[in-house]
Amino acid sequence: MAIINVSHISKRFGETQAVNDLSFEVKPGEIFGLLGPNGAGKTTTIRMILDIFEPDSGEISVLGGSMNEEKKNHIGYLPEERGLYQDIPLERCLTFLATLKGMDEKKASAELREYMKQFDLYEYRDKKVKELSKGMQQKAQLITTLVHDPEIVIIDEPFTSLDPVNTEMVKDILEMKRDEGKAIIMSTHQMNQVEELCDRILLIDHGQRVLYGTLREIQNNFSSRDIMVTPLSTLPDSIGGVREIRKLNGRYRLVLEESFEPNKILKNLINLGVELIEFEIAVPPLNEIFIKVVKEQEGDKND
Amino acid sequence: MTKIWHIIKYEYTHHVFRKRFLFSLLSLPLVVVAMILVALLIGAFSVDTSPVGYIDHAGIIQEPISAEDGGGFFNPVIPFQAYQEEEQAIKDLEDKVIQAYFVIPEAYPRSIEIELIYFEEPSYEVQNQFTDLVRQNLLASEDFDPDVKQRLEEGNLITMTSLDGSHEMREDQWYTIFTPFIAGITFMIVVMTSGGYLLQAVVEEKENRTMEIMITSVTPNQLMTGKIIGNIAVGLTQLVIWLIFGWIGLKIGGQFWPILQDFSMPTNYFFLLLVVMLPSFVMVSAIMAAIGSTMTDVREAQQVSGLFSLPMMIPYYISSTIMMNPNGALAVILSYFPLTSPITILMRLAFTIVPAWELAINIMILIAFAIFAIWFAGRAFRLGMLRYGKKLSIKEIFGKRIEK
């Protein structure tokens with residue numbers, strides 16, 4: 001059962017068709033990657049889900065129906081345009097924003113203190129927000145997104161300005177939230193994070209759906225049936241069923257002949273007495289898929 | 001409802017517990033106190049208290065009594081010194097022992113003329129006190145009933161009453177007409193200050209880029225309601241504190257100047273004040289919210305808001321013209337124009353009788369404009385709330401389609 005159901009939505013701003021007949025759904029207990037090049041319509045789509053904009057056509061169902069005031073309390077949103085009240089102490093800012101998500105002040109205060117300790121912000125709670133570093137403000141903003149334990153978390157570029165330690169921590173939190181059954185929509189350009197975190201992705205370009213499905217399905221679809229191997233010593237010059245061997249930084253990429261199964265290659269390698277550290281079916285990195293698809297789209301548009 | 005309450009609380013504490021608020025709170029009473037002190041000091045120092053001589057050929061001044069009270073710093077008493085011979089008076093005048101001298105001629109009872117001889121004209125206070133001295137001595141010489149004597153000493157007291165009885169002015173209470181005038185101005189200052197705070201609150205939301213977080217937590221209506229009520233509460237706090245200052249000032253001042261104890265505000269004026277104030281409050285709030293939504297930073301927004309607050313204060317700057325001729329063409333025209341009407345109406349009501357139908361039309365125009373301003377602010381807010389760093393043009397706000 002989907003927690004967010006987007007059905008054939010379109011949105012036009014003046015001459016620009018920001019979103020064009022877009023459909024997808026997000027389920028509880030998954031991290032859903034919303035991807036696309038700059039200006040593809042990601043933020044507009046998110047804003048329509050959040051009822052900041054109304055779609056010109058199409059339907060959006062959130063938590064089993066159209067958006068209302070009560071439902072806003074069950075959504076955590078980390079917008080692309082980060083914003084906190086700069087001129088007030090951190091704790092007051094966070095408490096105020098938490099109460100606007102329907103939390104009572106006492107509960108908000110207790111939860112916030114826990115989060116601030118986790119994010120190493122506790123000792124800065126009386127400092128004005130503007131006195132905090134960019135990374136700290138980013139963490140504070142994440143607390144605002146998560147403190148009311150929302151059913152739906154929508155985050156736009158959650159890892160910018162975070163150091164590797166904090167990035168890991170945020171990833172852990174997101175995975176924990178997923179395991180608790182929350183639905184997480186993540187929009188980012190950091191494809192490695194998408195590969196590590198996302199269960200399913202939607203790639204949009206020019207407001208239209210280009211790719212949609214589980215990460216594995218999509219990568220398999222783009223798989224070139226190449227094999228990555230790392231031998232203990234060197235590889236023989238020719239291997240049965242392998243058309244081409246490319247050496248890459250201690251690893252080898254084996255390009256297979258048509259209709260040759262990877263299993264047979266493994267067998268051939270063992271028969272040849274090659275000792276292997278790694279044998280892996282080459283999955284194209286999401287980054288490559290992204291660039292390929294977007295370039296194809298550009299080509300189509302120009303035709 | 002609780003969310004609106006949280007916003008009100010936030011807005012209120014955000015402004016009230018700031019140093020800036022304390023400054024603006026104290027600045028007005030301090031300026032008023034300073035102005036009064038300066039005026040009193042100028043008054044006190046401009047009176048030369050060196051003796052003034054007199055030569056009484058008519059034999060009127062039997063008791064060279066001066067004012068009964070011993071005077072003080074702010075009520076200086078000028079000593080009068082009797083001379084027999086004019087030569088001696090001239091000599092003392094030349095030697096600057098006295099600043100001037102009066103000559104009461106023998107024919108005074110018939111001519112009622114007194115001569116004043118000086119090198120440098122003495123202050124008005126000198127003539128005033130000498131006239132009192134002469135009057136007291138004249139009365140003392142006659143065998144009057146003490147009541148009659150007192151009436152003669154006090155002189156006339158004229159009370160003017162308008163035909164409908166709504167306005168009354170006593171000669172000795174000229175300041176009572178200023179009470180409603182000052183009240184009107186004070187209320188308008190509070191309206192404008194609240195508007196200023198609201199403007200700041202809306203622009204800050206954009207400057208801090210918190211608008212998106214806000215409208216995914218509350219409705220735009222809740223946000224604006226909370227902000228408007230919160231900032232009006234700030235304005236009212238300011239007003240209440242000023243009223244307390246004023247009350248304390250009157251109580252303390254009343255100890256020295258008894259006339260201050262008579263300050264009062266006519267009830268019907270107070271009612272009209274509210275009728276004018278409410279739509280003005282709404283109008284100013286809406287205009288400020290609209291500017292806040294269209295502008296990108298506080299400084300710019302304050303400059304633009306000046307374009308609106310300036311016309312609102314025009315009647316105040318030309319208040320003498322309106323006071324002199326409260327039913328003149330200028331005053332009447334300014335009462336029809338929504339931005340200038342609040343202060344103009346309040347001033348005219350203080351000084352004259354405005355025909356009921358005219359007043360009704362003025363207030364109706366004001367209310368209509370306030371409603372229009374709300375509509376305008378609503379559109380500006382919806383269009384401008386997510387625009388960071390880009391201004392909204394008036395054309396866009398009036399545009400046919402509204403993107404939500």
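Residues are numbered from 1 along each chain as its sequence is written, while chains are lettered from A and ligands numbered from 1 in the order in which they are written. Because the model is predicted, local features need pLDDT of at least 70 and side-chain atom pairs count only at pLDDT 80 or more, whereas totals for chains, interfaces and linings use all residues.

Chain A is assigned domain 1, covering 4-219, and domain 2, covering 224-281; such bounds come from an automatic or database domain assignment. The C-alpha centres of domain 1 and domain 2 of chain A lie 42 Å apart.

An open sheet of 3 strands in chain A has the order β2-β1-β4, with antiparallel pairing. Its edge strands, each of which pairs on one side only, are β2 (16-26) and β4 (57-62) of chain A. Direction ignored, neighbouring strands of this sheet are turned by 20° against each other on average. Strands here are DSSP runs of E with at least two residues, helices are runs of H or I with at least four residues, and both are numbered from the N terminus; two strands pair if DSSP finds at least two bridges between them. Strand β1 (residues 4-13) of chain A runs antiparallel to β2(A) and is joined to β2(A) by 7 bridges, and Val6(A) stands opposite Phe24(A) in β2(A). Helix α1 (residues 42-49) of chain A packs on the sheet, where α1 touches β1, β2 and β4 of chain A, and the direction of α1 makes about 120° with that of β1(A). Touching and contact rest on one criterion, namely that two residues are in contact if their C-beta atoms, placed from the backbone, lie within 7 Å.

Helices of chain A also pack on one another. Helix α3 (residues 90-99) of chain A packs against helix α5 (residues 134-146) of chain A at an angle of about 25°, with the two axes 9 Å apart. That angle makes α3(A) roughly parallel to α5(A), since angles under 35 degrees count as roughly parallel, over 145 as roughly antiparallel, 65 to 115 as roughly perpendicular and the rest as oblique. Axes are lines fitted to C-alpha atoms, for helices over the stretch in contact, and angles run from 0 to 180 degrees between N-to-C directions. The crossing of α3(A) and α5(A) is right-handed, a term used when the near helix is turned clockwise from the far one by less than a right angle, left-handed being the anticlockwise case. Leu90(A), Leu94(A) and Leu97(A) of α3(A) meet Ala140(A), Ile143(A) and Thr144(A) of α5(A). By class, this contact of α3(A) with α5(A) has 5 nonpolar, 1 polar and no charged residues, where Ala, Val, Leu, Ile, Met, Phe, Trp, Tyr, Cys and Pro count as nonpolar, Asp, Glu, Lys and Arg as charged, and the others, Gly among them, as polar.

Further along chain A, strand β10 (residues 226-231) pairs in the antiparallel sense with strand β12 (residues 251-256) over 4 bridges, and Ile227(A) stands opposite Leu254(A) in β12(A). β10(A) also pairs in the antiparallel sense with strand β13 (residues 276-281) of chain A, over 5 bridges; Met228(A) has Glu280(A) in β13(A) as its bridge partner.

Where the chains meet, 23 residues of chain A are in contact with 17 residues of chain B. On the side of chain A that touches chain B, α2 (69-72), β5 (75-78) and α3 of chain A each supply at least two residues, and the largest share, 3 residues, comes from α3(A). The residues of that side of chain A divide into 13 nonpolar, 4 polar and 6 charged.

Chain B has an open sheet of 4 strands in the order β2-β1-β3-β4, with mixed pairing. The edge strands are β2 (80-82) and β4 (115-118) of chain B, and the twist averages 25° from one strand to the next. Strand β3 (residues 100-104) of chain B pairs with β4(B) in the antiparallel sense over 4 bridges, with Ala100(B) opposite Tyr118(B) in β4(B).

Finally, helix α13 (residues 329-336) and helix α14 (residues 341-351) of chain B pack at an angle of about 135°, with their axes 7 Å apart, and are therefore oblique to each other. α13(B) passes α14(B) in a left-handed crossing.
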